[in-house]
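User: I'd like to learn how to read features off a model like this one. Can you walk me through it?

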Amino acid sequence: MNAEQSEGATVREINAIDGVRQSAADAYLRPFTNRGNLTIVTEALVERIAFAHGRGERVHYRERGETRSAIATREIVLCAGAIGSPHLLMLSGIGPADHLRSHGIDVLVDAPEVGANLADHLALPLTWQSIRPIEPGVNQHGDVWAALRATPGSAFPDVHLSCVDLPLAPLGLQAEAPAPGRGFSINLGALDMHNRGTVRLGSDRPEDAPLIDPAFLNDERDMTTILAGIRIAREVIASSALDFWRGHEVFPGPAAEENSGLRVYVRSAAVSYNHASCTCRMGDDADSVVDLDLRVRGVEGLRVVDASVMPSIPAANPNATVLAIAERAAAIITGEEAVSG
């Protein structure tokens, strides 16, 4: 899946060393926790960024009920993700002017695209009963993975099929139709999504969650991709290689043979693939939120470094892309060349 061309089926690659999952913190942060110039504060809520003469001066945060400030001698780097970063920018006065004023927030920079362009992928399970017991996977419950072109003319793989040795039930249907006691699933991920949603303030209080509208399935092209992916998954499970295992289809089930039934299932079962991005778009145009060096337009001393700066969402799991953005940002900030390979 990390090859130059990812199309096809493969054993799933995972971030693990010696059988233990490795997070970005394990790889980049924990080896350096004893550095004298690094202070880590946990269980803290960042409330806003304060500016003086148009420059990011300090970060106000709340730690166990007490308000504190961190002063920036050089610059502030915001890495709160595609939901948290635009939320914090808007709380700090950078965002759509009318929206900020409606919440009583003074406008520092009128930036209409802060919190706009929210992109994500969709996922949903397809589940079958198994006529025989299934041994669990070696590393996890989904060891086999495929990236395929479901729609005619697609320039790249537009769906993921992840084979899972568990009978998954859609979150929205678990109460009325639980999964069988023994079965397996294909988790379908739709990658070439055209939906563009928003992140907006729920209030001017930092502890209040933002309002997230992913605009899922607002574009008919996205439904077309998902329906094509379901047909491919059904073809895979119908192959003679799975005669030894395959029982009846549970989800979507025989009642969803036609497109009308499948559409109802998709709208009931689809959830976020948890790949939110693009809400602080990078670009060389005046409307972009950050420039090509990830500096927030309209102020000084503030950068955004996370999935929110992507101009468009990649047709892949974005984990590696986010790490590449972070490595490139570190090279820009330090003045070093980005490490390749």
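Analyst: Let's start with one cysteine. Cys79 counts as exposed, at 51% relative accessibility; buried means under 20% relative accessible area, exposed over 50%, and partly exposed in between, using a 1.4 Å probe and protein chains only. A word on the ground rules: this is a predicted model, where local features need pLDDT of at least 70, side-chain atom pairs count only at pLDDT 80 or more, and totals for chains, interfaces and linings use all residues. Residues are numbered from 1 along each chain as its sequence is written, and side-chain values use heavy atoms, with hydrogens and water left out.

User: How many disulfides does a search of the whole structure find?

Analyst: The rule asks for a pair of cysteine sulfur atoms within 2.5 Å. Searching the whole structure gives 0 disulfides. For Cys79, the nearest cysteine sulfur belongs to Cys280 and sits 11 Å away. Cys280 is in no disulfide either, with the sulfur of Cys278 nearest to it at 10 Å. Cys280 is buried, at 0% relative accessibility.

User: Next, cores. Which residues have the most contacts inside the largest nonpolar core?

Analyst: A nonpolar core is a set of buried Ala, Val, Leu, Ile, Met, Phe, Trp, Tyr and Cys residues joined through side-chain atoms within 4.5 Å. Here the largest has 35 residues, and Leu89, Ile94 and Leu302 have the most contacts inside it. At least two of its residues come from each of β7 (76–78), α2 (81–91), β18 (302–304) and α6 (319–334); these labels are DSSP runs numbered from the N terminus, helices being H or I of at least four residues and strands E of at least two. Helix α2 gives the largest share, 4 residues. There's also another core apart from that one, with 30 residues, including Val159 and Met193.

User: What is Leu302 in contact with, leaving aside its neighbours within four places in sequence?

Analyst: Contact means heavy atoms within 4.5 Å. On that basis the partners of Leu302 include Ile49, Phe51, Leu89, Ile94 and Arg295.

User: And the charged side chains? How many salt bridges does the count come to?

Analyst: The general idea is that side chains of opposite charge can pair when their charged atoms come close. The rule wants a side-chain nitrogen of Lys or Arg within 4 Å of a carboxyl oxygen of Asp or Glu, and the count comes to 22. Take Glu7 and Arg149, which meet at 3.0 Å, N to O. They are 142 residues apart, with Glu7 in the segment before β1 (8–11) and Arg149 in the loop between β11 (144–148) and β12 (159–164). Glu7 is partly exposed at 42%, and so is Arg149 at 39%.

User: Where is the place of Arg267, and what does it touch?

Analyst: Arg267 belongs to helix α5 (residues 259–269) and is exposed, at 53% relative accessibility. Not counting residues up to four places away in sequence, Arg267 touches Leu217 and Met223. Its side chain reaches the backbone oxygen of Leu217 at 3.4 Å.

Key
Polar contact = N/O pair within 3.5 Å; in protein donor to acceptor, adjacent residues only side chain to side chain.
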